[in-house]
Amino acid sequence: MVWISFDEHIFKHPWEKVVEAAIRKYPNPLTPNVTSTDVIERNIDDEGKLHSTRMIASVWAGSTMQFFTKMTGLSGLCKPIHAIEYSTVDVKKRHYELTSRNYTLMDYMVIDERLTYTAHPSIPDTTTLKQEWYVTVKNLSFISFLENSIGTSMKSMAVNGRKGIEYVIGQLTEEVDQMRPKMQTLARKLEENLENLNHASTELVEEQLPKSDTT
């Protein structure tokens, strides 16, 4: 059988900001289990949608995974686990969807996850995240127990993933706040240079104009 679960969360931020943070989510201190992300492929289709394929490496070395390792005899559970993630960003429809599946230990378990970020239909500057999990265990004993335990563990850790997005949003806001004074200074200098240039051009034109004969 398959363990299936769903969850939903509301971010009190605009869709564009949440999606930027989700794309730049790793690394962050709230989800230290993710050790690396590598872009395998990225392209934009004829409709302007951005499609990406990434490989994500993570280590689940906590007490839960140590228990699963002892129970199943799969030492690979406490070693780096790799997953492939496919994502599509549709800016026009304000829709961002990601699906992922592990390819490590697929002979024993398959973990599918789907995340969908959409702009809230009625609340401005708010984003809805919907998550789905599908866990299948095979070729092991206590299949139902393992599916339920692994799925429940992943669902509980999703809270840290959302906190990670909030953390990245804070970092992005801080970056903008730090850049604002520099941009304002640059804008003032540019304005001063333009004024000096206009003044110099006016003087040059006046010097080149023929002077009227006063005799």
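The model is predicted, so local features need pLDDT of at least 70 and side-chain atom pairs count only at pLDDT 80 or more, whereas totals for chains, interfaces and linings use all residues. Residues are numbered from 1 along each chain as its sequence is written, and side-chain values use heavy atoms, with hydrogens and water left out.

**Stop 1: helix α1**

Select residues 15–23, which form helix α1; helices are DSSP runs of H or I with at least four residues, strands are runs of E with at least two, and both are numbered from the N terminus. Trp15, Val18, Val19, Ala21 and Ala22 are buried here (under 20% relative accessible area with a 1.4 Å probe, protein chains only; exposed is over 50% and partly exposed lies in between). Viewed down the axis of α1, these buried residues fall within an arc of 160°, so they line one face of the helix; the arc is that of the directions from the helix axis to the C-beta atoms. Next, display β1 (3–11), β4 (81–90), β5 (95–102), β6 (109–119), β7 (127–137) and α3, against which the buried residues of α1 pack.

**Stop 2: helix α2**

Select residues 63–72 for α2. Its buried residues are Met65, Phe68 and Thr69. They cover an arc of only 105° around the axis, which puts them on the same side of α2. Ser63 and Lys70, on the other side of α2, are exposed. Gly73 follows α2 and has a positive phi, near 80°.

**Stop 3: α2 against α3**

To see the contact (heavy atoms within 4.5 Å), select Thr64, Phe67, Phe68, Met71 and Thr72 in α2, which meet Phe145, Leu146, Ser149, Ile150 and Ser153 in α3. The residues of this contact divide into six nonpolar, four polar and no charged.

**Stop 4: Ile143**

Finally, select Ile143 in helix α3 (residues 143–208). Ile143 is partly exposed, at a relative accessible area of 29%. Leaving aside neighbours within four places in sequence, Ile143 is in contact with Val137 and Lys138.

Note on methods. Axes are lines fitted to C-alpha atoms, for helices over the stretch in contact, and angles run from 0 to 180 degrees between N-to-C directions. Ala, Val, Leu, Ile, Met, Phe, Trp, Tyr, Cys and Pro count as nonpolar, Asp, Glu, Lys and Arg as charged, and the others, Gly among them, as polar.
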